[in-house]
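Here is a short report on pockets, strand pairing and aromatic contacts. The sequence and structure come next.

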Amino acid sequence: MTVLPTRMSIVTLGTRDMETLRRFYRALGWPELPDGDDTWTGFLLGGVLLALFPVHDLIAEAAPGSPPPTGWSGVTLACTVDTRDEVDLTFTAAVNAGATPAAPAVDRPWGGRSAFVADPEGNRWEIIWGPDATFDERGALLSWN
């Protein structure tokens, strides 16, 4: 029997305005793949590829016949940071790069701290620190508790 491997390799965001999103993620300091353009691009982030793909093309491939999405999807992406203080600093840096503040940094009941921003198309990013998180040399999350 074949099983789905226990890994996440690529997260694809369907974009309405590729140029704006590419510029935003580059403004965060994230390196864009060398062959990126307005038909498809990606940012390799600690072992996971954040892909940007025009939403109408993504619908044609993944959900033929579906209407384009509107509003927030209820999905969040997260960027983990190394210290509690980095949550606030990273939140400010993301807003300075063009993100919209969605929820300010707060200490969470489970011992961590997090804040939320929205990219120019409303995709929510949680900036989060967990006291027991560990990472590999690439920044990939190894453990959470």
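In the residue classes used here, Ala, Val, Leu, Ile, Met, Phe, Trp, Tyr, Cys and Pro count as nonpolar, Asp, Glu, Lys and Arg count as charged, and the others, Gly among them, count as polar. By these classes, the second largest pocket is lined by 12 nonpolar, eight polar and three charged residues. The model is predicted.

The largest pocket holds about 810 Å³ of space. It has 25 lining residues, and Leu-45, Val-48, Ala-78, Cys-79 and Thr-80 are the closest to its centre. Strands S2 (41-45), S3 (48-54) and S4 (76-80) each contribute at least two residues to this lining. S4 gives the most, with five residues.

The second largest pocket holds about 490 Å³ of space. Of its 23 lining residues, the closest to the centre are Leu-13, Gly-14, Pro-69, Ser-73 and Asn-123. Two or more lining residues come from each of strand S1 (10-15), helix H2 (55-62) and S4.

| Pocket | Volume | Nonpolar | Polar | Charged |
|---|---|---|---|---|
| Largest pocket | about 810 Å³ | 17 residues | five residues | three residues |

How many of the six residues of strand S6 (residues 113-118) are buried? Six of the six are. Arg-113, Ala-115 and Val-117 point one way, Ser-114, Phe-116 and Ala-118 point the other way, and all are buried. In a regular strand, side chains alternate between the two faces of the sheet.

S6 pairs with strand S5 (residues 100-107) in the antiparallel sense, over five bridges. Asp-107 sits opposite Arg-113 of S6. S5 and S6 make a hairpin with five residues between them, and Gly-111 in the turn has a positive phi of about 110°.

S6 also runs antiparallel to S7, joined by six bridges. Here Ala-118 has Arg-124 in S7 as its bridge partner. This hairpin, too, has five residues between its strands, and Gly-122 in the turn has a positive phi of about 90°.

**Aromatic contacts**

The count of aromatic pairs is six. One of them joins Trp-30 and Trp-125, edge-to-face, at 5.4 Å centre to centre with 65° between the planes. The two residues lie 95 residues apart: Trp-30 is in the loop between helix H1 (18-27) and S2, and Trp-125 is in strand S7 (residues 124-129). Trp-30 and Trp-125 are both buried. They belong to one aromatic cluster, together with Phe-24, Tyr-25 and Phe-43.

Conventions: Residues are numbered from 1 along each chain as its sequence is written. This is a predicted model: local features need pLDDT of at least 70, side-chain atom pairs count only at pLDDT 80 or more; totals for chains, interfaces and linings use all residues. Side-chain values use heavy atoms; hydrogens and water are left out. On a 1 Å grid over the protein atoms alone, a cavity is a set of points where a 1.4 Å probe fits but cannot get out, and a pocket is an open set with protein on both sides within 12 Å along at least five of seven lines; lining residues have an atom within 4 Å of a point. Grid points are joined across faces, edges and corners, and a volume is the space filled by probe spheres set on the points. Helices (H or I, at least four residues) and strands (E, at least two) are DSSP runs, numbered from the N terminus. Rings of Phe, Tyr and Trp (its six-membered ring) pair if their centres lie within 6.5 Å; planes under 30 degrees apart count as stacked, over 60 as edge-to-face and the rest as tilted. Buried means under 20% relative accessible area, exposed over 50%, partly exposed in between (1.4 Å probe, protein chains only). Two strands pair if DSSP finds at least two bridges between them.
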